[in-house]
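Student: I have a structure open and would like to talk through some of its details with you. Could we go through it piece by piece?

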Amino acid sequence: MTGKGCRRLVEARAVWAGQTPWRVLAALSMLVAVPGAGAAEFATNYAKADTRRWSCRLCEFDRAAAQTGTFTAGAMESTGGEARFGRDNGIDRSGAHLDLNAEYRLTTGSGLFMELTGRNLGLVSRDAALRLERRQRYGFRARYRETPRNQSDDGRSPFALLEGPRLPDTWTPAFSTAGMTQLAESGRSVDLSSKRRRSELGAWFKPLPSLTLEAGYFQERKRGIRETSRDFLYQATALPQPIDHRIEGAVTRLRFVNQRLSAAVSYAHRRFNNGERELVWDNPYLGSAARGRSAVAPGNRASTLSFVSRLRLHRTTRLNVSLARTEAKQTEPFLPYTNNANLNLASIGEPDLGANRESLSAAVNLVSRPARGLRLSIAHGVVERADRRRAITLTPVLGDLFATAPHEAIGYDYRRANTEFNLRYGLPGGMRIAAGFRNGEHQRSNLEVAGNDERRGWLEVSRELGGAWRLSLRHARGNRDASKFMANSANNPLTRRYYQAARQEREWRGGLQFDSPSTGLSIGLDANLRRFSYPDSSLGLKRDRSSGWLVDVAHAVGSRVSLSGFFGVQWRKATTAGSVAFPARDWSYATDDRVRTAGARLAARGFPHPSLDLQVAYAHSDGDGDYATTFESATASFPSLISRHRSLDVRLQTAWRRKSKVELRYYYERYRAADWAIDGVAQDAIRNVLAFGRASPRYGNHLLAVSLRREL
């Protein structure tokens, strides 16, 4: 790579690092397509280049001794705290928050590289990492991050999380929610949220130039409260369920690389432990069982041995091969059948299934360029899974009220084989053709449809139309055949699950692109239409259609101002048939979902004052969902599902001192939603359902931040 090429790559990466893809898509395409356009718009700034995932042996900044770094410290004030607003960033409460970020990189002439990064260090979404490497010899990495997920804090429940969901000692059970006299006074707020804490360590060592040894370890813990529901056959209860998961794993890898062969052998082991082994809750209704008990995700472990290789057979041909074998096993014993002592069932008598779940996957891919402009790819892959277990008979219990006849536990095996052929050819005059075909065979055991054969083909054509225009068109057709229905369950034989049923697929895509370097204008238009139909499904999903279009525009006004925007619409319609009395088809259920999104962005250097830089971004998204059921020529519609989102992000930056910048940021987000499934459903709204009484989120949050950025 030449020095000029390195500079362009750095500039493109610097712009991308600070923006979301949809806002700079058109601008990036212009940078790539127009020689020198990037240098005219953006001054070279090597300090912003993120070189962690790439290297260039001819780039000066990669080889020379240097240290770079930035430190950002500031304060943020949020008003109108809301769980959804802070679901991932942790800003779910009104008040002050610390804005703290840091980056430091050190490169020496001897090949030693060190990097320290810290993002959102003042929030519960903090992420810190260390990387230390000596080129072609060894490396070490460590990382710690926290991931919040805030869902809701407006629900109420009489259950307290003390050794599981428990009702107050003074609770008096009733046959319905209307008779629960202590429901209102015992209700307390429920914060449905969780947080993940993950730590990672890794190292690599090269004893030989072509040989690398790698090892890694990670540990992750997730704690919090989630919403769940349980029932005693016909009496249901929404419950706050504690979360306490722990996952840890280790991997070792041996990698060999030379001019012809690249191969790696890996062994990975993972273990999952659940601190909440079971869910036991008090029964708020009058009934034969005072408490209910339900199994949760059991502890388990899994190990995988894999092999991946790439062999260069010829200057224009390579062969890729991968193999992986995984074995998984449950490590927790079975729970008793029921918590209802009146049933008096015998013990299961087995600690577990004594079983392993084994899976094997293999793939081979041959890629060749036999002629100039021609690329061929042939691939074949197989995935098999088998349950290895001893025979065991279990007695199902319904609603902790009564037991059914014993049944033998049945395993589920499957095999999937896919063969795919792809061709790409470039013709004179800027025309390109791509075509492909895929054949798949899916086989299953102990299911109603034992297998499917699927075939799918596609053709894509793109052409330079002259000047600054480029057109692309794509069409795909697919058919899936289903095997005969197997009457091995009590389900209606006219029912076909969507992944088992025979299916026909049609897809069309098109795009038109305009790029004018002389005017700095770029325009893109994309459209798509995809249809699925299920001709053999008398019941279940009958048809599914999605379509949409998107237009985006970018314009560079001189070397200091750029404007961009987009607008898109997406639809999805589906129809499902159902039956009240076997086997007739009595009703149909239609869905119609629409999403409209739009956004605009302004970036101006030296505006509104020569010492200031301004960035303004606006985005909105509107979603609507209509659902209607038709029964005996009469149609009943549910209230529409509504989602309205608006956001405005304004950043004003100025140089304070040499290598120091001050940034003032204002962010506003407004969200409105309507969901008939939860809106207006109080705790006692349904006689046999004890609900949380939550409401759809509605908020308008303001975030004001002032920060100082200092470069070393």
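Student: Where is the place of Asn-344?

Tutor: This is a predicted model, and in it Asn-344 sits in the loop between β15 (317-330) and β16 (356-368). Its phi is near 50°, which is a positive value in a residue other than glycine.

Student: Is Asn-344 buried or exposed?

Tutor: Asn-344 is exposed, because its relative accessible area is 67% and the cut-off for that label is over 50%.

Student: And what about phi of Asn-120?

Tutor: Phi of Asn-120 is near 55°, again a positive value in a residue that is not glycine. Asn-120 belongs to the loop between β3 (112-119) and β4 (127-134), and with a relative accessible area of 30% it counts as partly exposed.

Student: Let me step back for a moment. How many helices and strands does the protein chain have?

Tutor: The secondary structure of the protein chain comes to five helices and 36 strands. Of its 712 residues, 34% count as buried, and the accessible surface is about 39500 Å², with 56% of that belonging to carbon and sulfur atoms. Among the contacts with a separation of 6 or more, 61% are between residues 24 or more positions apart.

Student: Which residues make the nonpolar surface patch of about 620 Å²?

Tutor: That patch is made by Tyr-138, Phe-205, Leu-213, Leu-254, Val-265, Tyr-267 and Leu-305. Val-265, one of these residues, is found in strand β11 (residues 261-274) and is partly exposed at 40% relative accessibility.

Student: Switching to rings: what is the count of aromatic pairs?

Tutor: The count comes to 10 aromatic pairs. Trp-549 and Phe-567 form a tilted one, with 5.5 Å from centre to centre and 50° between the planes. This pair links distant parts of the chain, since Trp-549 is in strand β28 (residues 540-557) and Phe-567 is in strand β29 (residues 561-578), 18 residues apart. Trp-549 is partly exposed at a relative accessible area of 33%, and Phe-567 is also partly exposed, at 32%.

Student: What kind of pair do Phe-638 and Trp-676 form?

Tutor: Phe-638 and Trp-676 form a stacked aromatic pair, 4.5 Å centre to centre with 15° between the planes. Phe-638 lies in the loop between β32 (634-637) and β33 (641-657), while Trp-676 lies in the loop between β34 (660-674) and β35 (689-690), so the pair ties together parts that are 38 residues apart in sequence. Phe-638 is partly exposed, with a relative accessible area of 33%, and Trp-676 is partly exposed as well, at 36%.

Student: Which residues form the aromatic cluster?

Tutor: Phe-85, Tyr-667, Tyr-671 and Tyr-699 form one aromatic cluster.

Student: And which ring does the charged end of Arg-657 sit over?

Tutor: The charged end of Arg-657 sits over the ring of Trp-656, 4.6 Å from its centre. Arg-416 likewise lies over the face of Tyr-414, at 4.4 Å from the ring centre.

Student: New topic, then. What does Asp-536 touch, leaving out residues up to four places away in sequence?

Tutor: With those left out, Asp-536 touches Arg-496 and Ala-502. Asp-536 is in the loop between β27 (521-533) and β28, and it is exposed, with a relative accessible area of 51%. Asp-536 and Ala-501 are 35 residues apart in sequence, yet 7.1 Å apart in space from C-alpha to C-alpha.

Student: One last thing: what kind of peptide bond joins Phe-607 and Pro-608?

Tutor: A cis peptide bond joins Phe-607 and Pro-608, with omega at about 5°, and Pro-608 lies in the loop between β30 (587-605) and β31 (612-631).

Terms used: Residues are numbered from 1 along each chain as its sequence is written. This is a predicted model: local features need pLDDT of at least 70, side-chain atom pairs count only at pLDDT 80 or more; totals for chains, interfaces and linings use all residues. Side-chain values use heavy atoms; hydrogens and water are left out. Patches are made of residues with over 30% relative accessible area and no salt bridge: like charges are joined within 9 Å, nonpolar side chains (Val, Leu, Ile, Met, Phe, Trp, Tyr) within 5 Å. Accessible areas come from the Shrake-Rupley method with a 1.4 Å probe; for residues, only the protein chains shown count as cover. A salt bridge is a side-chain nitrogen of Lys or Arg within 4 Å of a carboxyl oxygen of Asp or Glu. Helices (H or I, at least four residues) and strands (E, at least two) are DSSP runs, numbered from the N terminus. Buried means under 20% relative accessible area, exposed over 50%, partly exposed in between (1.4 Å probe, protein chains only). Rings of Phe, Tyr and Trp (its six-membered ring) pair if their centres lie within 6.5 Å; planes under 30 degrees apart count as stacked, over 60 as edge-to-face and the rest as tilted. A charge sits over a ring if NZ of Lys or CZ of Arg is within 6 Å of the ring centre and within 35 degrees of the ring normal. Contact means heavy atoms within 4.5 Å.
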